[in-house]
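This briefing looks at how the parts of one protein chain are divided and how they meet. Please keep the sequence and the structure in view while reading.

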Amino acid sequence: MTVQSTLNDSIMAALGLPIGTTLDRFIKRQQSQYPSAVGDFSQLIRDIALASKIVNREINRAGLSGLAGMAGSTNVQGEMQQKLDLSAHIRFLRALNNGGEVAAIVSEEEEEIIHTDHPEGKYVVALDPLDGSSNFDTNVSVGTIFSIYRRTSMIGTAPTAADFLQGGRRQVAAGYVLYGPSTMLVFTTGNGVNGFTYDPSLGEFMLSHPQIQCPAQGSVYSCNDGYVDAYDESVRHYLTRCREQGCSARYIGAFVADFHRNLLKGGLYMYPGTQQQPDGKIRLLYEAFPMAWLAEQASGLAVANTKAILDVTPRGLHARTPIFAGSAQMVTDVLNATNPKNANSLSSQSVLQHSSVTVAK
Ligand code: FBP
């Protein structure tokens with residue numbers, strides 16, 4: 001007997017559609033696929049969801065609560081920190097520490113590894129607590145980006161840099177939270193990419209975008225046009241060809257927001273290197289690696305100059321990398337434009353072998 005059968009149509013109509021799958025139910029279902037799972041990984045995802053709900057509330061009220069504006073300090077990248085940068089940093093640190101599953105954290109806002117009160121934790125997390133800092137005070141979309149590894153060092157000891165520098169293909173989960181017109185949590189654990197929309201009336205993340213697939217071709221490119229003259233000639237040629245083919249430029253200035261739009265609608269986000277900044281601006285551990293895994297898991301691609309981002313060897317906790325990410329055909333085209341020799345012999349092959357993409361040469 002289903003619940004439905006005992007209620008008459010008018011009540012059913014008033015109730016409307018079932019509320020759908022909560023993040024918690026989704027995690028439980030995923031966990032049941034791993035007989036050996038004991039729930040600590042599930043708890044970790046819940047801790048991230050909790051922190052993002054608190055950060056969401058603080059972003060929404062920043063103009064009222066005095067959390068808007070500069071904090072008067074700089075981070076390891078030499079960037080001026082905003083109050084919201086620090087409050088998001090603290091909120092995630094607290095939630096991950098209180099959850100007890102994480103032994104150490106690397107955050108964009110601190111130079112050194114942050115050891116939690118739980119050396120017994122199995123996981124380490126790399127985090128960009130609030131991405132898109134230039135947008136904070138202007139009420140434009142921002143995000144949080146996270147990347148999770150199972151530690152390699154001995155449980156009970158203090159994790160070291162080696163736990164974080166395992167390489168992008170060793171991530172066990174990666175995702176972002178987009179604080180936009182609605183707040184969404186999008187993540188992968190290696191079984192595709194799923195998106196959850198936050199319903200403040202329930203205080204729950206609800207499954208709204210199951211198994212996201214990035215269209216192979218897009219008509220949008222996202223880069224800071226102000227820097228185009230400093231890009232390599234081949235990148236400039238690629239952009240000229242994009243425009244000739246009728247592509248539009250869209251750049252929110254928050255990686256999470258630009259990446260999310262391109263993931264759903266098709267498009268290419270790029271932050272190339274320049275002579276001044278050969279490695280560009282985007283950080284490998286807590287920006288490029290997680291977004292690259294999401295791209296590949298959604299049948300998109302993400303490359304540096306000559307190879308897949310996930311095959312780039314991380315040289316430091318805050319190392320940067322050039323990045324081209326999004327629709328597979330657009331990434332392959334920019335790779336062919338910038339490194340034809342490499343594209344044919346190396347990158348596109350190695351890129352393609354890892355992802356489920358078929359791309360016209
Ligand atoms: P943070 O805001 O976390 O430092 O991230 C870097 C970032 O803001 C990306 O989100 C964005 O795509 C890019 O830098 C914007 O940089 P620029 O202003 O140089 O175009």
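The unreviewed UniProt entry places the feature "domain: Fructose-1-6-bisphosphatase class 1 C-terminal" at residues 215-336, in the numbering used here, with a shortened feature name and with the caveat that annotations may be inferred rather than shown by experiment. The model is predicted, so that local features need pLDDT of at least 70 and side-chain atom pairs count only at pLDDT 80 or more, while totals for chains, interfaces and linings use all residues. Residues are numbered from 1 along each chain as its sequence is written, and side-chain values use heavy atoms, with hydrogens and water left out.

**Division of the chain**
- The span 215-336 is 38% helix and 13% strand, and its end C-alpha atoms lie 19 Å apart; helices (H or I, at least four residues) and strands (E, at least two) are DSSP runs, numbered from the N terminus.
- An automatic or database domain assignment divides the protein into domain 1 (20-209) and domain 2 (220-355), with C-alpha centres 23 Å apart.

**Interface**
- In contact (heavy atoms within 4.5 Å) are 49 residues of domain 1 and 32 residues of domain 2.
- The area buried between domain 1 and domain 2 is about 3,000 Å², of which carbon and sulfur atoms give 66%, where buried area is the accessible area (1.4 Å probe) that two parts lose on being put together, summed over both.
- L165, R169 and Y176 lose the most area on the domain 1 side, together 24% of what that side buries.

**Salt bridges**
- Three salt bridges are counted between domain 1 and domain 2, each a side-chain nitrogen of Lys or Arg within 4 Å of a carboxyl oxygen of Asp or Glu.
- The side chains of R169 and D311 form a salt bridge at 2.7 Å, N to O.
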